[in-house]
Amino acid sequence: MSAQIIELELDDWARAHSRPEWTAAVEAGKVLYFPRLGFQLRDEEQALLREDMLAAGTRNVSLGADGVLKGAGGSAAEQQALAAMVGRFRQQALRLVDGLLPAYRGLLRVAPTSFRPRQVETRAQSVRADDQRLHVDAFPSRPNYGERILRVFANINPHGVPRVWRVGEDFETVARQFLPRAKPYRLWQARVLNALHVTKSLRSEYDHLMLQLHDLMKLDEHYQRSGGQVSMPFAAGSAWVCFSDQATHAVMSGQFMVEQTLHLPPGREANPQASPLAILTRLRGRPLVGVGAGTPR
Ligand code: SIN
Ligand code: FE
C-alpha cells in the first residue's frame, strides 16, 4: 500500500503555501498531516474542554455559517465562549485551505464547523453509525451528486492524547472490491425516498453507490480486520486535511477535536478524473448523475 498519509512541516495556519503535488495527493484520497500545526486555545477556553459542553443526546456541537451554535451544553456564557473558539478555528481552517489548495479558491461552500468533545472509544453506536469502522463519508438524507467533502481536523486534546485513526487503501481499490456487492440503483426507490422526505432531494445513482460503499465497508467484519490499512495517531496539537468522501477512514480513540467541512462542486477538482464520481462512473460505465443518468437534478 503506497503511503496514504503525507506529513508536512507547516506550523502557521496563515502561512501555508501550495504545491501541485499536495493538491494531487489530497485529490488521490490521501491525508495531509500537519504534526506541528496546533489550534491554540486561549487560557480561559481550556475550561470548555468538557464532555458536558455537549447537550444530552447530540453527537457534536456545531457552529453554522450564520454564527448560531447548536448542540452545546454549559451556561450561556460558556456557549458564547465556545462559539468564539469554534469561529476562530473556522477562520484558521479557511486560511489554511486557501493557502494550501488555491485551485479551490472562490469555489468552496462553507459548511458548519464542529466541536467534538466526546471520548471516541466509549461511544456505543449501531454498525452503520459507527465511525470506528473503516468507511468513506456519505450522507443518507442529503444527496450531493458528486459535490466533494473536504475536511480540516485539529486535535485539541489538552492532555497529549492522540486521535487515532485507521486509514485504508485508495478509493478505487476499495470501490472495485465492494461495487460488485452493491444493490442496483432503482429510480423508483429514489423517488419514494424523496416523496417521503427521507432524502432532501432525489438520490442519484452516485449517492446510492456511495452509501452502498459506506454500508458494505462497515458491515464487512473481514474487511474491517484484514483490509489494507494503517493505524495513524494524530498527535494532540496537530491538524490534518482530507477528502473524507474518498479517504477510507475510521476513528478509534481520542477526545476533543474541532473540524471544518468545505464543499467543492463536482468537477472542480484540479484533476476531476481522480474523484470518486469519475472513478465510479468509469467502473459502472455510465453517467451516475444528471442528464443521461435517468436522474434529473
Ligand atoms: C469520521 O469522519 O468518521 C469521524 C472522524 C473523527 O471523529 O475523528
Ligand atoms: Fe467519517
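Is E21 buried, exposed or partly exposed? In this predicted model, E21 is partly exposed, its relative accessible area being 44%. The close-up views described below show this residue and other sites.

**View 1. The salt bridge between R19 and E21.** The closest N and O atoms of R19 and E21 are 3.5 Å apart. R19 is likewise classed as partly exposed, at 39% relative accessibility.

**View 2. The shell of residues surrounding ligand 1.** An N or O atom in the side chain of R163 is 2.7 Å from an oxygen atom of the ligand. By class, the shell comprises 4 charged, 3 nonpolar and 2 polar residues.

**View 3. A salt-bridge network that includes R116.** R116, D137, R151 and E259 are linked by salt bridges.

**View 4. The salt bridge between R133 and D130.** The N to O distance is 3.6 Å. R133 is buried, at 16% relative accessibility, and D130 is buried at 14%.

**View 5. The salt bridge between R176 and E172.** The closest N and O atoms are 2.8 Å apart. Because the two residues lie 4 positions apart in helix α3 (residues 171-178), about one helical turn separates R176 and E172. R176 is exposed, with a relative accessible area of 52%, whereas E172 is partly exposed at 23%.

Note on methods: Residues are numbered from 1 along each chain as its sequence is written. Chains are lettered from A and ligands numbered from 1 in the order in which they are written. This is a predicted model: local features need pLDDT of at least 70, side-chain atom pairs count only at pLDDT 80 or more; totals for chains, interfaces and linings use all residues. Side-chain values use heavy atoms; hydrogens and water are left out. A residue is near a molecule or strand if one of its heavy atoms lies within 4 Å of it. A polar contact is a pair of N or O atoms within 3.5 Å; within protein, one must be able to donate a hydrogen and the other to accept it, and residues adjacent in sequence count only if both atoms are side-chain atoms. Ala, Val, Leu, Ile, Met, Phe, Trp, Tyr, Cys and Pro count as nonpolar, Asp, Glu, Lys and Arg as charged, and the others, Gly among them, as polar. A salt bridge is a side-chain nitrogen of Lys or Arg within 4 Å of a carboxyl oxygen of Asp or Glu. Buried means under 20% relative accessible area, exposed over 50%, partly exposed in between (1.4 Å probe, protein chains only).
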